[in-house]
Amino acid sequence: MYKTFDSALIPHSELHKLMLGAIAPRPIAFASTVDAEGRPNLAPFSFFNAFGVNPSTIIFSPSRRGRDNTTKDTFENLKQVSEVVINAVTYSMVEQMSLASTEFPKGVDEFQKAGFTPLISEKVRPFRVKESPVQWECRVRDIVETGKGGGAANLIICEVLLVHVNQEVMNSAGLIDTRKIDLVGRMGGDFYVRAHGDALFEVEKPLTKPAIGIDALPLSLRNSTILTGNELGRLGSSEYRPNADELEKIRLFPSIKNILDNEGLSDKAKLENLHLEIRNMLREGRKDMALAAGFLL
Ligand SMILES: Cc1cc2nc3c(=O)[nH]c(=O)nc-3n(C[C@H](O)[C@H](O)[C@H](O)COP(=O)(O)O)c2cc1C
């Protein structure tokens, strides 16, 4: 059962909570700007993402406050000086980042208040945050105000000029190592998520050829009482159906042969045992064998 909300009928504050709760986890842009007098400002924004590389496009939104329709210092600064450094937020900085989000009076330097170290940028006036492992020096290409009322977004469309990456978070191929960078994301309410340990997992993409799809799997697999949607998704992401040779080989594979040749098992029990074995094979990374086994009954 769903509860359905009409965005035109519910208060903005409720729509905001629904967005924050379900459009998550969101990356956090820790945006460093300066005002016309060159005074620094630092604040986090999770209405943020990357959108393209040609031209390089990063967008974040220091929105109008819902409660009193005032604007944020970051937004006002960007209208005066159209340059920003967006700093990545990692677990080791999360409490200080949160402190920097306090609504200090205009002109207060959040670098000092939150204890971050300013680093001089190469192409723009705002400082970089030394404690952040990735710092994007950006020029603002455009600002789109989606409205003039409280809660309206101000889309800051940025072009990346330089990106600085601390080599401690890089792997030997010179790429950012997901296991080293330890990023945090913003969830609903006061929740954050930390991208490390068991929270990280890989899903192989079917890249070279179109995948066969779940609808190409035998009915016995699709109607399985054992296999989950994720497991069927992984089988359906295969590029080929198993051929006759593969079917013959898997039929003779000891654990499969034991199931199929077991006279004591009903047809239903054979199918269930076969699907449990398919699960084991998937867990061990033997996807081709798992797929072939799935085509046996
Ligand atoms: C993790 C986090 C994410 C936030 N994301 C946003 C956001 O996307 N848009 C926004 O307007 N405010 C956001 N805020 C609140 C601003 O950081 C806060 O209003 C801050 O005081 C604005 O600072 P400024 O006036 O110096 O620009 C966020 C706060 C936190 C802690």
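Strand β5 (residues 83–87) and strand β8 (residues 134–145) run antiparallel and are joined by 5 bridges; strands are DSSP runs of E with at least two residues, helices are runs of H or I with at least four, and both are numbered from the N terminus. Within this pairing, Gln-135 of β8 is the bridge partner of Asn-87. The model is predicted, with local features requiring pLDDT of at least 70 and side-chain atom pairs counted only at pLDDT 80 or more, whereas totals for chains, interfaces and linings use all residues. Residues are numbered from 1 along each chain as its sequence is written.

The strands β2-β1-β5-β8-β9-β4-β3, in that order, make up an open sheet of 7 strands with antiparallel pairing, two strands being paired if DSSP finds at least two bridges between them. At the edges lie β2 and β3 (48–53), each of which pairs on one side only. From one strand to the next, the twist averages 30 degrees. Helix α2 packs on this sheet, touching β1 (29–34), β2, β5, β8 and β9 (154–165), and its direction makes about 50 degrees with that of β1. Contact requires C-beta atoms, placed from the backbone, within 7 Å; axes are lines fitted to C-alpha atoms, for helices over the stretch in contact, and angles run from 0 to 180 degrees between N-to-C directions.

The ligand is surrounded by 17 residues, the closest being Ala-43, Phe-47, Lys-72, Asp-73 and Thr-74; a residue is near a molecule if its C-beta atom, placed from the backbone, lies within 6 Å of it. Both β2 (40–45) and α2 (73–80) supply at least two residues of this shell, and β2 gives the most, with 4 residues.

Definitions and conventions: Two residues are in contact if their C-beta atoms, placed from the backbone, lie within 7 Å.
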